[in-house]
Amino acid sequence: MYIPDNVYSNNDLARYMDTSDEWIQERTGIKERHFASRTGETTTTMAVEAAKIAIERAGISPQDIDFIVFATLSPDYYFPGCGVLLQRAMKMKEIGALDVRNQCSGFIYALSVADQFIKTGMYKNILVIGSEKHSFGLDFSTRGRNVSVIFGDGAGAVVLQPTEQENQGILSTHLHSDGESAEILAMFNPGTHANHWTPTKLADFNDAEIGDMFMSDKMVEKAQNFPNMDGPAVFKKAVVKFPEVIMEALAANGLEPKDIDMLIPHQANLRISQYVQQKLGLRDDQVHNNIQQYGNTTAASVPIALCEAWQQGKIKEGDLVCLAAFGSGFTWASALLKW
Ligand SMILES: CC(C)(COP(=O)(O)OP(=O)(O)OC[C@H]1O[C@@H](n2cnc3c(N)ncnc32)[C@H](O)[C@@H]1OP(=O)(O)O)[C@@H](O)C(=O)NCCC(=O)NCCS
């Protein structure tokens, strides 16, 4: 994992918007988050730092990596994706680089893709990454406070390799989506939607006959370039889908919640994690939460929490680890691992 140095407490954010430490902690559990250096770090450079550690711990070199799967919603460029920027920065061979756009579920989606490539024997060393630089794209005025207090920056990476051992590694992955609620948590612009999908206008495009559609001065003036979220609607759906997709993973492997040694839930909101824990009847030592220190780092949250739990000795060989996530799309996913 790589966490940028700059720490912003809730009180620091209160310098920019009408909010309070009490409000943020009570609703989300977040105490502070880290923000990347504004011009010195990008989503890809943070990913490179995490990837270096993962590759070193796997006992290989960047040239041994034969495929990259990179999950992010805050890419360095609109296109090309971060995968190729990382391939270039790490001087890797001319390998495939796939970018995944599944927001908070991004890392588990990415892991699932890598898992299939490993299981078919296609690749031997896959770098799977989740990285986000949210701090560059949020509205830190009072207008955007329901979104901007939640998110933080960081990166997490794993190297996935084949094993000959039965009943070890990734046992199964489970992916879902429901586009019915796509606009509930979304950043609409820049985009090609042309106000097609909703009765309400999502963007004030220029009135051009051709081209000139992605961005207009008016869109920036009206803050249409920031993410939108109906927080309570996200919360309601998350507390249903999180337990559902965890139970699905357990059932697929003939297991029960009590068999989980460590649940790594996507760090959306501490209240959501606590609800899931209670619903599954898990003890505190069976769940790892760190949103208090990092905020919601979207695609990076699961690998950061996984890495931290492992570094703290909370995950040991042979443990049953469950990864689960829910987010924008909506998409949700789980993975069951025998460590
Ligand atoms: C975002 C979230 C913390 C908001 O908490 P909530 O209790 O649902 O709050 P609401 O959005 O209903 O807003 C309640 C009030 O607090 C205000 N408010 C919103 N953000 C605030 C902030 N940062 N500081 C202070 N007040 C704030 C609202 O304006 C509203 O005021 P009003 O009652 O005068 O209109 C909560 O809904 C949540 O965590 N949802 C899930 C979001 C999530 O997980 N997103 C990531 C997806 S993976």
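This is a predicted model: local features need pLDDT of at least 70, side-chain atom pairs count only at pLDDT 80 or more; totals for chains, interfaces and linings use all residues.
- Strand β3, covering residues 67–71, pairs with β4 in the parallel sense, and five bridges link the two.
- Both strands belong to an open sheet of four strands, in the order β4-β3-β5-β6.
- The pairing across this sheet is mixed.
- At the edges you will find β4 (96–100) and β6 (154–160), each of which pairs on one side only.
- From one strand to the next, the twist averages 15 degrees.

**Helices on the sheet**
- Helix α3 (residues 43–57) packs on the sheet, where it touches β3, β5 (126–132) and β6.
- The direction of α3 makes about 40 degrees with that of β6.
- Helix α4 (residues 82–89) also packs on the sheet, and its contacts are with β3, β4 and β5.
- The direction of α4 makes about 130 degrees with that of β3.

- Y78, F79, F214, M215 and V220 make a nonpolar surface patch of about 540 Å².
- One of these residues, V220, is found in helix α7, which spans residues 217–221.
- V220 has a relative accessible area of 48%, so it counts as partly exposed.
- Patch residues need over 30% relative accessible area, and V220 has 48%.

Definitions and conventions:
Residues are numbered from 1 along each chain as its sequence is written. Side-chain values use heavy atoms; hydrogens and water are left out. Two strands pair if DSSP finds at least two bridges between them. Axes are lines fitted to C-alpha atoms, for helices over the stretch in contact, and angles run from 0 to 180 degrees between N-to-C directions. Contact means heavy atoms within 4.5 Å. Patches are made of residues with over 30% relative accessible area and no salt bridge: like charges are joined within 9 Å, nonpolar side chains (Val, Leu, Ile, Met, Phe, Trp, Tyr) within 5 Å. Accessible areas come from the Shrake-Rupley method with a 1.4 Å probe; for residues, only the protein chains shown count as cover. A salt bridge is a side-chain nitrogen of Lys or Arg within 4 Å of a carboxyl oxygen of Asp or Glu. Buried means under 20% relative accessible area, exposed over 50%, partly exposed in between (1.4 Å probe, protein chains only).
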